[in-house]
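Okay, thanks for coming, everyone.

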Amino acid sequence: MSAGETGGVRTLDRIELRGVTATGYHGVFDFERREGQPFVVDLVMRRDFRRAAETDEVEDTAHYGLVAEAVTAVIEGPAVNLIEKLAVLIARAVLEGFDVEAVEVTVHKPKAPIEVPFGDVAVVVSRSRADFPGLEGGSA
């Protein structure tokens, strides 16, 4: 069995990008949409990075600086009520804009309007190209 395979099945490599932070105006309350608050996003992007390792060229991987900019644009973009929707919008943007097969997105809302002390609230979504019509067959 070669590297990158488990039981004859090829596994995907990953890039992890943690702590992308921007101000967004998401939430169900008027004051959240008016005042804004920080949102923090963690990503795990999956694809086969053997070609990038061979060529040592950024064009052969998911350029995480550009991914961070795309994530920030979604956070700062049009308001949504739920961070669940925000997470799916981010997943779609990453899958549409970058050569990755799947992505796991965690959206943290550290200043959520919760009336008791808490450390964090976050939602996690996992999506692949197959989850979005038109993206199944290929990469960006």
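This is a predicted model: local features need pLDDT of at least 70, side-chain atom pairs count only at pLDDT 80 or more; totals for chains, interfaces and linings use all residues.

**A walk through the chain**

Residues are numbered from 1 along each chain as its sequence is written, and side-chain values use heavy atoms, with hydrogens and water left out. Helices (H or I, at least four residues) and strands (E, at least two) are DSSP runs, numbered from the N terminus.

Back to Val74, then. Is Val74 buried or exposed? Val74 is buried, because its relative accessible area is 19%, and buried here means under 20%, exposed means over 50%, and partly exposed is in between (1.4 Å probe, protein chains only). What does Val74 touch, if we skip the neighbours within four places in sequence? Val74 is in contact with His26, Leu86, Leu89, Ile90 and Ala93, where contact means heavy atoms within 4.5 Å. For a sense of scale, Asp30 is 44 residues from Val74 in sequence, and their C-alpha atoms are 20 Å apart in space.

Now the rest of that helix. H3 has twelve residues and runs 16 Å from its first C-alpha to its last, close to the 16 Å expected at 1.5 Å a residue; the expected span is 1.5 Å times one less than the number of residues. The residues of H3 that are buried are Val67, Ala68, Val71, Val74 and Ile75. They sit on the same side of H3, because they cover an arc of only 120 degrees around the axis, the arc being that of the directions from the helix axis to the C-beta atoms. If you want the background: an α-helix has 3.6 residues a turn, so residues three or four places apart point the same way. What do the buried residues of H3 pack against? Strand S3 (13-24), S4 and H4.

That takes us to H4. H4 covers residues 83-97, and its 15 residues should span 21 Å at 1.5 Å a residue, which agrees with end C-alpha atoms 21 Å apart. The buried set in H4 is Ile83, Leu86, Ala87, Ile90, Ala91, Val94 and Leu95. They also end up on the same side of H4, because their arc around the axis is only 165 degrees. The packing partners of those buried residues are strand S4 (37-47), helix H3 (64-75), strand S5 (102-108) and strand S6 (122-128).

Let's move over to S5. His108 is buried, with a relative accessible area of 15%, and Thr106 counts as buried at 11%. Which side chain does the His108 side chain make a polar contact with? Asp42, at 2.7 Å. A polar contact is a pair of N or O atoms within 3.5 Å; within protein, one must be able to donate a hydrogen and the other to accept it, and residues adjacent in sequence count only if both atoms are side-chain atoms. Beyond four places in sequence, His108 is in contact with Pro38, Phe39, Val40, Asp42, Asp120, Val121 and Ala122. With the neighbours left aside in the same way, Thr106 is in contact with Val40, Val41, Asp42, Ala122, Val123 and Val124.

Two loop residues next. Asp48 is in the loop between S4 and H2, and its side chain makes a polar contact with the side chain of Arg50 at 2.5 Å. Asp48 and Glu101 are 53 residues apart along the chain, with 8.5 Å between their C-alpha atoms. Asp56 is in the loop between helix H2 (50-55) and H3. Asp56 has a phi near 60 degrees, a positive value in a residue other than glycine, and Asp56 is exposed, with a relative accessible area of 69%.

Last, the whole chain. How many helices and strands are there? Four helices and six strands, in the order β-β-β-α-β-α-α-α-β-β from the N terminus on. Buried residues make up 36% of the 140 residues. Of the contacts between residues at least 6 apart in sequence, 61% join residues at least 24 apart.
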